[in-house]
Amino acid sequence: MSGLYARESRSVSTMAHLRFFPQAVVGGSGAYLTGDDGRKLLDFAASWGAASLGHSHPALREAVNRALSDQAGASYLSTANEPSVLLAEKLLSLVPERARGRVWFGHSGSDANETVARMVVAATGRPRILAFNGAYHGGTVGSMAVSGHPAQQGARAKGLTLVPYPNSYAAGSPEAAKDAALAHLETLFATEIPPQEVAAFFIEPIQSDGGMLVPPDGFFKHVEALCRTHGILIVSDEVKVGLGRSGRFNAFEHCGIEPDIVVFGKGLGGGLPVSAVVGPEAILNHAVAFSLQTVHGNPVCAAAALAVLQTIERDHLVANAERTGRTLREALDRLAARHALIGDVRGRGLALGVELVADGAPAARQTALTVYRAFQLGLVLYYVGVNSNVLEFTPPLTLTEAEAQEGVAILDQALADVAAGQVDEALLADFAGW
């Protein structure tokens, strides 16, 4: 264990820890982090996608320095500030017409989704919300209340109903997964859940923390039709998979749908805390002082977010995510042909998942050992999934094809070492992960 990691253990609470190995860093540049031991670590996690432009990106540095050199206050609660207005105007131009109303700013996807959950019920007068099993919409009380991930310890909202997210790998085919999930939803509407009581359906165009699940073609078009029939708002949680990561600017574009409300977070600030909810004026302006924290709309974070959006456009990072993601996916497919542990490779763009199985069952232990061994070899990679057996790839949008190949080569070695029993399971004693 490094000196910095040991010092942290004597000073920092573990209540926010989600640790997989003793990672301690002192700096970073591009797709690489610098460990306190001087090692260069190729970062395929980007702090759960938050470091969307990689580390120390010059456009982000310049925007933050400029905002701090002539600081327009620290909040938008009681004063309009130029960076947050510019950011709002930009975000409104990037969503479908039906969502192009107003923008609310927060600190994270968690407070954004909590705000939406409260807002849709209050504004529509409908008491129910739908979300998916395995969904992670945040870590606050209110966002956990509309989530479905088994690792979370918060209570579910009284009006929440969780429905199955179609899992093509587990079901045997995309069609089987789609048919089962839609049948379940239609049966609910015909029996237990009066659809006219449902305010909103929280969706994930790719279910990231639930296992990087990609919906079958046409699934969300059917969901959209049901919601339109019954006047149910569609909330697209783009927090981890949006902003170009999937190879489209908005991940819901792959599904051919138009949500009513779009939620952004993580990579929006390039590593700084900022989130946004974009939706109809009638919903977003339901009431003043409805959801606020003192430094919401912070001009420095807003300036950083605007720089992220401008850089994604200027540097064609959506196209890079699609192109580099294809290279990464093809390399992972080749690994799957050589490693019995790999059961499935899936995802879109630079939002990819590799599910590990052993004898047809989730290989949670081997997954934990794989990410630990990869870290030892110089690759930062975490795992997700309701069974903790899916390697998650959310690298910076700036990742190059050469870096993608470098990372896969390290993963290749890590998988081989785990399969050969060369990684000591005792290493995991202090790293519970999910």
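Mentor: By class, three nonpolar, four polar and three charged residues line the largest cavity; Ala, Val, Leu, Ile, Met, Phe, Trp, Tyr, Cys and Pro count as nonpolar, Asp, Glu, Lys and Arg as charged, and the others, Gly among them, as polar. Keep in mind that this is a predicted model, where local features need pLDDT of at least 70, side-chain atom pairs count only at pLDDT 80 or more, and totals for chains, interfaces and linings use all residues. Residues are numbered from 1 along each chain as its sequence is written, and side-chain values use heavy atoms, with hydrogens and water left out.

Trainee: OK, so which residues line the largest cavity?
Mentor: G49, S52, V239, K240, G242, L243, R245, K266, G267 and L397. On a 1 Å grid over the protein atoms alone, a cavity is a set of points where a 1.4 Å probe fits but cannot get out, a pocket is an open set with protein on both sides within 12 Å along at least five of seven lines, and lining residues have an atom within 4 Å of a point.

Trainee: How much space lies in the largest cavity?
Mentor: About 60 Å³, where a volume is the space filled by probe spheres set on the points, and grid points are joined across faces, edges and corners.

Trainee: And what volume does the largest pocket have?
Mentor: About 1,400 Å³. Its lining has 49 residues, with A16, L18, W48, Y136 and K266 nearest the centre. The lining of that pocket splits into 24 nonpolar, 17 polar and eight charged residues.

Trainee: Changing topic: how do α3 and α11 pack?
Mentor: Helix α3 (residues 58–69) and helix α11 (residues 299–314) pack at about 150 degrees, with axes 8 Å apart. That makes α3 roughly antiparallel to α11, since angles under 35 degrees count as roughly parallel, over 145 as roughly antiparallel, 65 to 115 as roughly perpendicular and the rest as oblique. Axes are lines fitted to C-alpha atoms, for helices over the stretch in contact, and angles run from 0 to 180 degrees between N-to-C directions. Helices (H or I, at least four residues) and strands (E, at least two) are DSSP runs, numbered from the N terminus.

Trainee: Which residues of α3 make the contact?
Mentor: A59, L60, A63, V64, A67 and L68, with contact meaning heavy atoms within 4.5 Å. The residues of the contact of α3 with α11 come out as 12 nonpolar, one polar and one charged.
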